[in-house]
Amino acid sequence: MKDFVALDRAVETVLTAGLAASALLLLAGLVGGSGSALRAGTVILMFTPVARVAVVATGMLARRDWAFGMVSLWVLGVLATSVAVAFHR
Amino acid sequence: MPLATPVWLLAGTGVATGLIGALLGLGGGVFLVPILTLAFHLPIRTAVAASLISVIATASAAATVNMSRGVVNMRLAMVLEVATTIGGLGGGLTSALLTQRQLFAVFGATLAAMAIVMARRSGRRNIIAVADAGLGTGLLGGRVEEDGRVYVYRLRRSPLALGASFIAGAISGLLGLGGGIIKVPVLNTFCGIPIRVATATSAFMIGVTAASSAFVYFGRGDMDLHLTAAVALGTLPGSLAGARLSERMQARSLKLLMAAVLVAVAARMLWESR
């Protein structure tokens with residue numbers, strides 16, 4: 001049970017940190033007219049759910065929940081494919 | 001791409017569409033994409049890309065709230081995300097193969113179907129199919145408190161849940177919508193998941209689903225960063241306020257009215273596809 005609470009906390013932390021960092025960068029980009037801040041904010045926001053899946057996969061594997069760990073890794077694999085498609089054009 | 005529309009107007013549009021979308025449980029994209037295309041005359045893929053980023057921002061914020069309430073079924077979410085991300089990636093790739101007119105036609109038809117689902121569910125009941133005591137929760141079930149009682153539930157008809165999740169993912173990737181309007185009714189009505197768990201688990205998934213196609217739009221150059229930033233920063237507070245208000249609002253007549261509005265928007269999108 002303690003493991004589940006710790007995993008929930010870790011997921012919440014990753015989502016909150018990703019959202020806060022990207023929101024600040026997007027706001028700075030709009031106010032300051034900085035294209036690189038807008039780009040960084042957008043990329044961080046897109047990677048926030050990816051980081052969440054990576055945290056869940058790590059948490060599942062750490063407590064030897066192999067079945068759900070593999071499921072999480074599968075989802076991570078689909079997201080990695082999406083990233084590969086995006087950045088290798 | 002130079003953007004003629006002022007940032008404050010785009011952010012205001014994000015606030016309004018996020019608020020209404022969350023009030024109705026449909027997500028902001030349902031109104032955001034039509035407004036950006038029909039009123040601001042932006043290409044539909046640019047509007048869909050902005051909507052996907054807004055969905056990621058809103059879903060990430062909503063997930064933290066739902067997790068602290070303890071209603072997200074994380075195991076179920078991970079299994080269904082296998083289907084939603086494959087659908088999302090497929091939808092994102094398919095959008096490049098369709099013309100602007102074809103995308104308008106698919107969007108219009110999807111909105112019309114959503115309007116029908118919303119109208120039919122306007123007086124919705126929460127179906128709680130309690131698990132057999134001897135069988136327990138199974139791998140993907142759980143426990144939830146409803147009206148002061150603790151219910152044990154288990155996932156039924158898992159192929160149906162996976163199929164609905166795949167379709168929801170494909171619609172998300174193709175049209176920039178959340179897909180909750182498909183997953184939540186199927187999970188609750190046919191798969192034995194209580195409505196609060198189905199809604200929170202669906203919301204938990206849509207950020208990952210949207211990310212699976214957002215990268216594709218980003219890499220393809222369909223994303224206007226100024227537009228996306230302004231809209232996402234507006235949608236975030238609008239959606240959170242709408243979600244809070246929706247807990248108090250169960251007005252059947254308002255949902256029926258908005259279903260009629262959706263039909264009108266669907267008709268306008270279909271008109272654009274001529």
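**View 1. Chain A, whose elements run α-α-α from the N terminus on.** Chain A holds three helices and zero strands, where helices (H or I, at least four residues) and strands (E, at least two) are DSSP runs numbered from the N terminus. This is a predicted model in which local features need pLDDT of at least 70 and side-chain atom pairs count only at pLDDT 80 or more, while totals for chains, interfaces and linings use all residues. Residues are numbered from 1 along each chain as its sequence is written, and chains are lettered from A and ligands numbered from 1 in the order in which they are written. Chain A has a radius of gyration of 16 Å, whereas a compact globule of 89 residues would have one near 12 Å; the radius is taken over C-alpha atoms, and the globule rule is 2.2 Å times the number of residues to the power 0.38. The C-alpha trace of chain A spans about 45 × 35 × 10 Å along its principal axes. Of the 89 residues of chain A, 37% count as buried, a residue being buried if 20 or more other C-beta atoms lie within 10 Å of its own, exposed if 12 or fewer, and partly exposed in between, with C-beta atoms placed from the backbone.

**View 2. Helix α2(A) and its kink at Thr48(A).** The 28 residues of α2(A) should span 40 Å at 1.5 Å a residue, and the end C-alpha atoms are 40 Å apart, which agrees; the expected span is 1.5 Å times one less than the number of residues. The kink at Thr48(A), about 30 degrees, lies shortly before the proline Pro49(A), the bend being the angle between axes fitted to the seven residues ending at a residue and the seven starting there. Just after α2(A), Arg64(A) takes a positive phi of about 60 degrees.

**View 3. The contact between chain A and chain B.** The contact takes 39 residues from chain A and 36 residues from chain B, two residues being in contact if their C-beta atoms, placed from the backbone, lie within 7 Å. On the side of chain A that touches chain B, the elements giving two or more residues are α1 (2–32), α2 (35–62) and α3 (66–87) of chain A. The residues of that side divide into 24 nonpolar, ten polar and five charged, where Ala, Val, Leu, Ile, Met, Phe, Trp, Tyr, Cys and Pro count as nonpolar, Asp, Glu, Lys and Arg as charged, and the others, Gly among them, as polar.

**View 4. The hairpin of β1(B) and β2(B).** Strand β1 (residues 142–146) and strand β2 (residues 149–153) of chain B pair in the antiparallel sense over five bridges, pairing being assigned if DSSP finds at least two bridges between two strands. Arg143(B) stands opposite Val152(B) in β2(B). The hairpin has two residues between the strands, and Asp147(B) takes a positive phi near 50 degrees.

View 5. Gly90(B) is partly exposed, with 18 other C-beta atoms within 10 Å.
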